[in-house]
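Open the model in a viewer and keep the selection tool at hand.

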Amino acid sequence: MQTKTQTNLDPAFRWLTLASGLAVLLLVGGILYTLVIGAMPSLKHFGFGFLASQAWDPAFMEFGALSSVYGTLVSTAIGMLIAVPLSLVIALFLVEIAPPVVSRLVGGAIELLAAIPSIIYGMWGLFVFAPFLADYVQPWLAAVAPGFPLFQGPPMGIGMLSAGIILALMILPFITSVTRDVFQMVPAVVKESAYGMGSTTWEVTRKVTIPYGIQGVVGACFLGLGRAIGETMAVTFVIGNRHEISASLFAAGNSIASTLANEFTEASDDLYLAALIELGLVLFVVTLVLQVVARWWLRRTARKMGAVR
Amino acid sequence: MKHRSLFARRSIDMAIRVLSSLAALIGIAMLGWILGTVILKGYSAINWEFFTELPAPPGMPEGGLANAIIGTLLITIMAVLIGVPIGLAAGVWLAEFGQQSKTAEAIRFAANLLMGTPSIIIGVFVYVVMVMTTGNFSGTAGAVSLAIIMLPIVARTAEDMLALVPSALREAALALGVPRWKATLGIVFRAARTGLLTGTLLAIARVSGETAPLLFTALNSPFWPESFNEPTANLTVTIFNYAMSPYDDWQTLAWGASLLIAASVLGTTIMTRGILWYRSR
């Protein structure tokens, strides 16, 4: 009797675990489905014009995604422009230059940047970094490049520039750690041959390591991009939350995620809510596409480099 | 190829070395700047009242965030109770049954996508599914959002850790006539214990600092958490609300809460690293 009840549990165990696995699959589909259904009133009302309209006026029920999309793209672009070169040289430092002990400590510290919750970046950005930017960096930028359209307007600290710089800090550890792994995958023999011919460290890096690992680095950048584009709290704290597009990086703006964070609980009207959900849908689809591309690319690269996965 | 003198090549090399060391220094300096700020500003906010009192109206001294601390704990515990068992079960299926099958590959792919989904999107999803249908914000909805974020992390680490257990152990158990579920839960789980624990801890560390998914699910509340069916006070949304307020004493409380959150998240992360490092020796 005892044995019989025991063996009978096995199919149940198998199905239960399978159901949990399928739950993950269903969730991704469920999120997409829910967002489409939730956004339906807005999808029907505004059509594709939603993406091209700059209007955002809850009083007159006019909604368009353009300023949020613009803000998301610009803040992410600033973040990537700063984070990618910085991550590359830090990875270079970790793999080629630092002694092993230093490399481990510095690598650990950089990875700790990834563990800091986004809201802490927000607090620091709003109360410490934005004022610092307004007092020291922005006046300097304006003085160095007078009349340059990106550095116009009063130095408020809060705005696109600070959002971009904080995003850079937040994605830095992700790009650095993947880049470091890619650099470490370069076979030692290849590097040693270059050193043996009398190359300097930089020459080995530029002519051997980087060409060998470039695809992995590109994949790492895609992963960082996916993170930056959906980052919410840190951006919401410092971007200024204004539904207008300005050429200057000193100006306040908004991003898709910051608009959601700020206005979701205030949306009393169905169309307003649907417009916000449609913004969420846009963000979700973009991150899905970025991730699919990044995974496919990294996997292809790993296979090419003969790494076992 | 252009010929360069040895001196020029060495100078360029030196310049790059200096540059990359500087970049690493910048990274560490930023970490120090952020943590230093949080510790300095948060330290002055933390006192006995901070842990025992309800929030006071602005201008009144002696307010605390006791309700938010308890609320965050309760929401996190509930998220763990939902997310970890399902995540572990999914990991078991991937490692023990699914392996290289098409279904397993699809689940892995979906788990990766879910891990990279912005947490605010999870919040919107739970809002539509749980808040719109029931008509009120609730601690349960907050816990479900966090559980959804934990689920793929727990599942993928569990799968990796279970796969590390040598199949000889499973085969030995099965050969003795032990049913599969018992072999998995009693033997394979025990062998992979540390790994499963670290995966779970990492997932907890990841969600305990989350704000975006709670903004419109658990919302926030100035009262003690009494029921999970109503808006529930929590630390991270409190930080957001108080930081955006014009009151100095509320902003100070927000710094105190930031220190508490940062310390617990970083503490858990470092502890997890410590366990892994200790194990790998």
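Along the sequence the order is α-α-β-β-α-α-α-α-α-α-α-α-α. This is a predicted model, in which local features need pLDDT of at least 70, side-chain atom pairs count only at pLDDT 80 or more, and totals for chains, interfaces and linings use all residues. Residues are numbered from 1 along each chain as its sequence is written, while chains are lettered from A and ligands numbered from 1 in the order in which they are written.

Show the C-alpha trace of chain A, which spans about 85 × 70 × 35 Å along its principal axes. Of its 309 residues, 49% are buried (20 or more other C-beta atoms within 10 Å of the residue's own; exposed means 12 or fewer, partly exposed in between, with C-beta atoms placed from the backbone).

Switch to chain B. Its secondary structure is twelve helices and zero strands. The radius of gyration, taken over C-alpha atoms, is 24 Å for chain B, well over the 19 Å that the globule rule gives for 281 residues, so chain B is more spread out than a compact globule. That rule is 2.2 Å times the number of residues to the power 0.38. The C-alpha atoms of chain B fill a box of roughly 70 × 70 × 35 Å along the principal axes.

Within chain B, pick residues 102–116, helix α4. Its 15 residues reach 21 Å from first C-alpha to last, close to the 21 Å expected at 1.5 Å a residue (1.5 Å times one less than the number of residues). Buried residues in α4(B) include B:Ile107, B:Arg108 and B:Leu114.

Next, which residues touch the most other members of the largest nonpolar core? Select A:Ile120, A:Met123, A:Ile166, A:Val238 and B:Met150, out of 176 residues in that core. Such a core is a set of buried Ala, Val, Leu, Ile, Met, Phe, Trp, Tyr and Cys residues joined through C-beta atoms within 7 Å. Helix α6 (residues 160–185) of chain A gives the most to this core, 16 residues.

Finally, display both chains: 69 residues of chain B are in contact with 65 residues of chain A (C-beta atoms, placed from the backbone, within 7 Å). On the chain B side, the largest share, 18 residues, comes from helix α1 (residues 6–43) of chain B.

How values were computed
Contact = placed C-beta atoms within 7 Å. Helix = DSSP H or I, 4+ residues; strand = E, 2+ residues; numbered from the N terminus.
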